[in-house]
Amino acid sequence: MEERNEEMLGMPMSAQEITGELMEESAERAAQEDEELAASLREGIGMLFEDGWTAEELAALSQDEGVRGDVAAGIDLIRAAARMLRRQLLEAKAMQAPRRRGVPVTRSCAAGASVPENRIDAMSDAQFDAFSRQARAAAMMGKKVRM
């Protein structure tokens, strides 16, 4: 930098020299940014590993194009991983077949009369006497009596 200042005060610099210096400075900045990005990625991978991510899951994370795009856009690895998981969840949900439900079944018909639940309660006294005699006779013969 000092040489550059001296040259600027004294002699004019050529375009090639200026271009060379600018390229060196940009290369230094890019190398420093790459080192910072690598350190950030190492820290993020360490945090995910501590959270229980397996080596296979981390490998899949590193191969995911969405994660690569997010990291290139400046998003940290933890958020990129969360976005990947959310994308996978939405894709899995979209792939599921819609839940099918059965056809509704009619339990009682509105047009006809329903059968009373207890037939004995619905009998008259005469009908009950006749039923009682028949049931005793059938029971005496050893038959089962059903209602």
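Visitor: In what order do the elements of the protein run from the N terminus on?

Guide: From the N terminus on, the order is α-α-α-α-α-α-α, and this description, like everything that follows, belongs to a predicted model. Counted by type, the protein has seven helices and zero strands.

Visitor: How many of the residues in the protein are buried?

Guide: Of the 147 residues in the protein, buried ones make up 12%. As for contacts with a separation of 6 or more, 30% of them are accounted for by residues 24 or more positions apart.

Visitor: What is found at the start of H4, and what follows the helix?

Guide: At the start of H4, a side-chain oxygen of Asp-64 comes to within 3.2 Å of the backbone nitrogen of Gly-66. Asp-64 itself sits in the loop between helix H3 (55-63) and H4. After H4 comes Gly-74, which has a positive phi, near 100°.

Visitor: Which residues does Asp-64 contact, once its neighbours within four places in sequence are left aside?

Guide: With those neighbours set aside, Asp-64 is in contact with Met-84 and Arg-87, and the side chains of Asp-64 and Arg-87 are joined by a polar contact of 2.6 Å. Arg-87 is also among the residues that Asp-70 touches.

Visitor: Turning to pockets, which residues line the second largest pocket?

Guide: A pocket can be read through its volume, its lining and the elements that supply that lining. The second largest pocket holds about 150 Å³ of space, and its lining consists of Leu-41, Ile-45, Leu-58, Leu-61, Ser-62, Val-67, Arg-68, Val-71 and Leu-77. By class, these are seven nonpolar residues, one polar and one charged. Helix H2 (15-50), H3 and H4 each contribute at least two residues to the lining; Val-67 and Val-71, two of the lining residues, are among the buried residues of H4.

Definitions and conventions
Residues numbered from 1 in each chain as written. Predicted model: local features only at pLDDT ≥ 70, side-chain atom pairs only at ≥ 80, totals over all residues. Heavy atoms only, no water. Buried < 20%, exposed > 50% of the residue type's maximum accessible area, 1.4 Å probe, protein only. Helix = DSSP H or I, 4+ residues; strand = E, 2+ residues; numbered from the N terminus. Polar contact = N/O pair within 3.5 Å; in protein donor to acceptor, adjacent residues only side chain to side chain. Contact = heavy atoms within 4.5 Å. 1 Å grid on protein atoms, 1.4 Å probe; cavity = no way out; pocket = protein on both sides within 12 Å on 5 of 7 lines; lining within 4 Å. Points joined across faces, edges and corners; volume = space filled by probe spheres on them. Nonpolar A, V, L, I, M, F, W, Y, C, P; charged D, E, K, R; others polar.
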